[in-house]
Amino acid sequence: MSENGEVLSIKGISKHFGPVHALDGVDLDVRPGEVLALVGDNGAGKSTLVKSISGIHTVDSGEFIFEGQEVSIGSPAAATELGIATVYQDLALCDNLDVVANLFLGQEELVGGAGTAIRALDEIAMEQRSHELLEQLSVTIPSVRSEVGTLSGGQRQQVAVARSLLGEPKVVMLDEPTAALGVVQTKQVLDLIRRLRERNLGVIVISHNLADVFAVADRIFVLRLGRRAGIFDTSNTSEEQVVGAITGASTDTAERERQP
Amino acid sequence: MKVGDPDVAAPEAAEAEPTSPRDLLRRFLQGDLASLRVILAIAVIWIIFDLQNERFLSAANLTNLFLQITAVGLIAVGVVMVLLIGEIDLSVGATSGLAAAVMAVLNVKNGWDPALAIVAGVATGAAIGLLQGMLFTRFRIPSFVVTLAGLLTWQGALLLVLGKTGTVNLSNSGITDLANTFYGPAVGWIFAAVTIAAFALVTLGGHRRRVAAGVTAEPTPLLLIRIAMIAVVVIVAVAILNSDRGLPLALLILLAFVIGFQALTTRTVFGRHLFAVGGSAEAARRAGIGVDKIRVIAFVLCSSMAAVGGILAASRLLAVNQSSGGSNLLLEAIAAPVIAGTSLFGGRGSVWSALLGATVIGSISNGMNLLALESSVKFMITGGVLLAAVIIDAVARSRRQAEGRV
């Protein structure tokens with residue numbers, strides 16, 4: 001751990017796409033057991049920041065400090081290796097496979113020792129671990145053998161989050177986890193995010209929905225035009241202040257309209 | 001129960017074993033419906049043809065039917081591999097002809113040992129699959145275009161390999177025995193006993209391990225019904241075959257490949273990844289699966305099985321000629337799995353569907369031949385059956401999509 005207990009510290013990262021400064025010297029810290037919301041208008045650089053942390057983009061300058069060690073995140077595999085898991089908005093699940101198969105896709109457990117050319121899937125072990133994991137997270141699905149295509153949006157989101165936890169990450173990033181979800185499903189996903197916090201993970205949630213952000217986040221990080229426009233403790237901040245930071249207007253003249 | 005209430009619906013509650021017979025019937029229909037539908041279709045087709053001509057259900061004709069479907073069935077097993085990843089291989093007919101020609105020429109003209117010639121034939125198929133798979137993945141050309149070009153190319157290669165005579169007659173028993181060996185009643189009954197016992201052991205053993213481990217398991221009565229059904233089918237089939245020439249080696253070869261590929265697709269990592277690529281290539285890629293590698297292997301397996309089918313067809317015909325692998329073989333091999341529930345859109349299906357579908361198509365074509373129908377009628381009926389199968393697939397898909405997201 002670094003001096004202040006952050007699991008991940010980002011210092012002064014910049015990313016240019018040609019003449020466009022998508023990120024311009026951004027600092028960001030995530031502590032274990034905290035939910036950090038990342039908000040900002042369209043084009044503020046949220047996606048670029050997430051993709052930089054998850055290794056899809058390589059940054060032009062700046063440093064990443066993970067558990068007190070300076071690291072470089074050159075590829076998605078490197079980020080996963082470090083313990084940074086990302087759940088993208090489109091979830092990347094196979095609708096034709098059941099929950100167990102999706103949870104373990106690409107990291108299936110096998111019976112028997114190494115050496116045999118064609119090894120059989122250990123369905124029992126995978127199903128047991130799936131049960132264990134989903135139970136810990138209080139994820140509610142009809143059955144771990146349900147096809148993912150038959151699940152609701154909220155259930156699919158929960159499966160995708162559970163899947164990201166199989167690699168025992170330290171930091172989990174969720175991209176718009178409640179977009180397009182109904183009220184009940186949104187509540188389920190927000191509850192799940194709280195349980196990630198209880199597991200002492202550092203959670204970064206990207207969201208447009210300030211109601212959800214205020215419901216679940218400990219701190220709110222506002223990105224505007226590729227720079228940090230403010231960082232707020234949720235407990236002593238009003239929505240108007242956050243909206244003001246997002247739009248760049250000062251608090252007293254902030255438009256009252258909320259982000260969609 | 002689609003939108004689970006966090007307070008009410010614990011996962012365990014939803015997985016409670018169904019107790020009422022009605023619940024059991026529902027699960028049976030859902031789980032085995034696709035296969036059951038096809039088996040019913042086969043029964044209806046058989047009854048209709050038998051009413052028209054009582055020789056249809058004679059032991060001799062049914063034995064012929066089994067022999068007729070081996071080539072299509074073997075090729076269809078390979079086609080399932082590419083259908084599962086959502087692609088298609090239009091070259092399987094031509095590939096089967098070319099592979100058989102390579103085997104025949106090496107054996108007859110060059111005096112190769114039959115086993116070596118067969119291996120060379122299958123290797124030809126594998127090489128074709130590798131080439132087509134690489135072209136498809138490297139240049140991102142749609143698979144139907146790559147394999148359509150392949151169809152023409154391999155047809156040309158077939159003519160080239162056969163040379164001026166255009167026909168190579170097979171006489172070496174190492175090759176002709178494949179389709180012309182029949183085993184006596186004792187072997188048939190031993191086969192039946194071993195098959196039923198093995199199926200029961202695997203099914204019940206797996207079930208016991210699942211119950212012991214406390215994970216989801218199908219209700220025991222369901223398994224017993226399934227074992228009983230398999231037992232009836234096997235016993236009836238062996239009884240019919242025994243009352244004619246006996247158990248054909250060709251049928252055993254077909255069953256061995258079906259069982260082997262069924263295990264490969266349902267019990268191994270490769271099989272899981274095959275379904276994943278067919279379901280969502282993007283999700284598979286993000287999960288770290290070598291999507292292109294899986295695709296190339298699927299094409300190699302498909303063309304290799306086409307070669308195996310072509311070799312069996314040549315063995316039965318006792319010759320390879322310019323029309324080997326031609327006519328309806330391609331369409332029947334693709335239609336067979338689709339008729340029996342393997343989706344053209346990828347990610348859904350099974351190797352069993354190749355066997356069941358080949359039986360449907362083989363029964364229709366055998367029956368129409370027995371009734372001495374005009375070619376015009378036969379073509380149109382076969383076309384209608386194919387269309388019906390694809391429509392059923394498309395309807396099932398749109399229904400799934402309608403139900404999918406709640």
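**Sheets, helices and single residues of chains A and B**

Q: How many bridges join S6(A) to S7(A), which run parallel?
A: In chain A, S6(A) and S7(A) run parallel, and two strands pair if DSSP finds at least two bridges between them. The model is a predicted one, where local features need pLDDT of at least 70 and side-chain atom pairs count only at pLDDT 80 or more, while totals for chains, interfaces and linings use all residues. Residues are numbered from 1 along each chain as its sequence is written, and chains are lettered from A and ligands numbered from 1 in the order in which they are written. Helices (H or I, at least four residues) and strands (E, at least two) are DSSP runs numbered from the N terminus, and the number of bridges that join S6(A) to S7(A) is 4.

Q: Which residue of S7(A) stands opposite A:Thr86?
A: Strands of a sheet pair through backbone hydrogen bonds, either parallel or antiparallel. For S6(A) and S7(A) the pairing is parallel, and the residue in S7(A) that stands opposite A:Thr86 is A:Met173.

Q: In what order do the 6 strands of the open sheet with mixed pairing stand in chain A?
A: The edge strands, each of which pairs on one side only, are S6 (84-87) and S10 (227-233) of chain A. Neighbouring strands are turned by 20° against each other on average, direction ignored, where axes are lines fitted to C-alpha atoms (for helices over the stretch in contact) and angles run from 0 to 180 degrees between N-to-C directions. The pairing in this open sheet is mixed, and the order is S6-S7-S8-S3-S9-S10.

Q: How many residues of S7(A) are buried?
A: A residue is buried if 20 or more other C-beta atoms lie within 10 Å of its own, exposed if 12 or fewer, and partly exposed in between, with C-beta atoms placed from the backbone. In a regular strand the side chains alternate between the two faces of the sheet. From S7(A), A:Val171, A:Met173 and A:Asp175 point one way and A:Val172 and A:Leu174 the other way, and all are buried. S7(A) is thus mostly covered, and the count of buried residues is 5 of 5.

Q: Which helix of chain A packs on the sheet and touches S3, S7 and S8?
A: Helix H5 (residues 153-165) of chain A lies across S6 and S7 (171-175), running at about 165° to S6(A). Two residues are in contact if their C-beta atoms, placed from the backbone, lie within 7 Å. A helix of residues 183-198, whose direction makes about 155° with that of S8(A), touches S3, S7 and S8, and its name is H6.

Q: Is A:Ser138 buried or partly exposed?
A: A:Ser138 is found in the loop between helix H4 (123-136) and H5 of chain A, and its phi is near 50°, a positive value in a residue other than glycine. With 14 C-beta neighbours inside 10 Å, A:Ser138 counts as partly exposed.

Q: Why are H4(B) and H6(B) called roughly parallel, and what is the hand of their crossing?
A: The axes of H4 (residues 92-108) and H6 (residues 143-162) of chain B come within 8 Å and cross at roughly 20°. That makes H4(B) roughly parallel to H6(B), because angles under 35 degrees count as roughly parallel, over 145 as roughly antiparallel, 65 to 115 as roughly perpendicular and the rest as oblique. A crossing is left-handed if the near helix is turned anticlockwise from the far one by less than a right angle, and right-handed if clockwise. The crossing of H4(B) and H6(B) is left-handed.

Q: Which two residues does B:Arg397 touch, not counting residues up to four places away in sequence?
A: B:Arg397 lies in helix H16 (residues 375-404) of chain B and is partly exposed, with 14 other C-beta atoms within 10 Å. Not counting residues up to four places away in sequence, B:Arg397 touches B:Ser343 and B:Phe345.
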